[in-house]
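Please look over the protein chain shown here before reading on. The notes below start with the whole chain and then turn to one part of it.

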Amino acid sequence: MTTRRNIMMGAAAIALLGSGGAVAYRLTRDAEPPSPPGTDGQGRLLWRNWSGIQSSYPDRRFAPGSEDELVAGLKASPAPLRVVGAGHSFMPLVPTSGTLISLDRMSGVIDHDPKALTARVRAGTRLGDLGPALAAIGQEMPNLPDINKQSLGGALGTGTHGTGETLRAIHGEVLAFRLATASGEILDCSPENNPDIYAAARVGLGAFGVVTEASLQNRPLVRLHRRVELRDWRETAEDWPRLKATHRNVEFYVIPFTDKAALITADPTDKPVLPRGPETDSQVLMDLKTLRDVFGPVPALRRFVAEKMMNGMAAEDMIDEGWKLLSTDRPVRFNEMEFHLPQEQQIAALQEVVAVIESKRSDVFFPIEVRTIAPDDAWLSPFYQRQSGSIAVHAYYKDDYAFLFDLVEPILRRYGGRPHWGKLNSLGYKDFQALYPRWKDALEIRRTLDPGGRFLNPYLKKVLIDG
Ligand SMILES: Cc1cc2nc3c(=O)[nH]c(=O)nc-3n(C[C@H](O)[C@H](O)[C@H](O)COP(=O)(O)OP(=O)(O)OC[C@H]3O[C@@H](n4cnc5c(N)ncnc54)[C@H](O)[C@@H]3O)c2cc1C
């Protein structure tokens, strides 16, 4: 039986055979992207996002340890005031020449209610730390993103989500939050207190103020059976309605130029723990890259070799608590575009995206991610009142990603997609206005909270201020 390890070994053999082509490819195109200097002319330190495409030289960096320290700092610091979580967004949400604020010192679970399964959590808490902290009190967040490096505040800020037909994005489980405003007030926001701010700023881009803590509606901690299996991608797409209805968490990755998809499901189980083995995704990705480097210009050959390598590959099973299984490490860097579409449009859009990539971009090797998300009622949520199907296309960090804008985005927009706030897109004020029924209401709340625009950097001014 073939395993994922076999793919790697197969690819190594192929790399040897085709090493001439791969070496030529690497010498001509496989270069590190240019890096900005570590300091600017005034000695200010460089800040960069995870993928490396966003950067700035903040005048001031500030890491408060309490709400009081935060409020004092907000009043005294130069604008734009931008909060950073883990810096994992691809859009220029964080860059500032003014003040960069980190809540890394405002982290951890404050208290919890064992009966209601709720927990109050400081916004600087990284999701990777939150998982075990919640497990210790018998709770879990059922819907985690692909990675768990994000801060809670950063995840809420962009509408970060996982996958599952009945599962909302992380902000969809926020019962209340506290917001530090530009004027130095701390506001309690919930359906009862400041309900309009609760609706407008739950997905807030750091543009309404700084979220200091959030109350989360969690679920009882359960053990999950996670399965990863390779299937024909077209059959998987056809089967998607049934798969969505059957599994708690479900997604698939179309592997371009191979006819295959990796289907990933996770469902509650009472079976004993079957621990997750060592992480192999990065190696598989690098093997797909090797296939691209060697056979990229000859897609038919690339498909043939992929078929030989992947056929008969065994499924991988693991059983453990969800916080250990739902997120993975992503050491291989990339840039990404993701749109959330009306669910009934998702597969038609996916078919077009795969077709355009396979006919025009033989350099693409990253799998295309397909997920499902339940609706919520946050005004700036991409899932606002809409059952959504998402499509995410990735480009290796060393590769050109302009095709995401030129080829992929027009398709996803034509099908009514709303972009992930943290991922690449070219939309502006008027585009968002057409996509979000409560756009103007949300922006009016923002203007009232921050009339001087102290939280706005140039990108946010462009998107959130008309004209
Ligand atoms: C490898 C990788 C995998 C990813 N996987 C997924 C995925 O599976 N699903 C998904 O939906 N997204 C995913 N993303 C995107 C990522 O979850 C979002 O971009 C998220 O916002 C990043 O969190 P962060 O803590 O790094 O926030 P940052 O990128 O640092 O900040 C994001 C926004 O939140 C604001 N913000 C941060 N903290 C606060 C606060 N306390 N109060 C107010 N505003 C705040 C910032 O100002 C900014 O506007 C992924 C990104 C990467 C790089």
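What share of the contacts in the protein chain with a separation of 6 or more comes from residues 24 or more positions apart? In this predicted model, such residues account for 73% of those contacts. The chain contains 15 helices and 20 strands.

**Overall shape**

- The radius of gyration of the protein chain is 22 Å, which agrees with the value near 23 Å that a compact globule of 467 residues would have.
- The C-alpha trace spans about 65 × 55 × 40 Å along its principal axes.
- Of the 467 residues in the protein chain, 46% are buried.

**Strand β9**

- Strand β9 covers residues 174-180.
- Five of the seven residues in β9 are buried, and the strand is thus described as mostly covered.

**Pairing of β9 with β11**

- β9 is joined by six bridges to strand β11, which is made of residues 210-217.
- The two strands, β9 and β11, run antiparallel.
- In this pair, leucine 179 is opposite valine 211 of β11.

**Pairing of β9 with β10**

- Strand β10, residues 186-189, is joined to β9 by four bridges.
- β9 and β10 also run antiparallel.
- Here alanine 180 is opposite isoleucine 186 of β10.
- β9 and β10 make up a hairpin, with five residues lying between the two strands.
- Glycine 184 sits in the turn of this hairpin and has a positive phi of about 90°.

Technical notes:
Residues numbered from 1 in each chain as written. Predicted model: local features only at pLDDT ≥ 70, side-chain atom pairs only at ≥ 80, totals over all residues. Rg over C-alpha atoms; globule rule 2.2 N^0.38 Å. Buried ≥ 20, exposed ≤ 12 C-beta atoms within 10 Å, placed from the backbone. Contact = placed C-beta atoms within 7 Å. Pairing = 2+ DSSP bridges.
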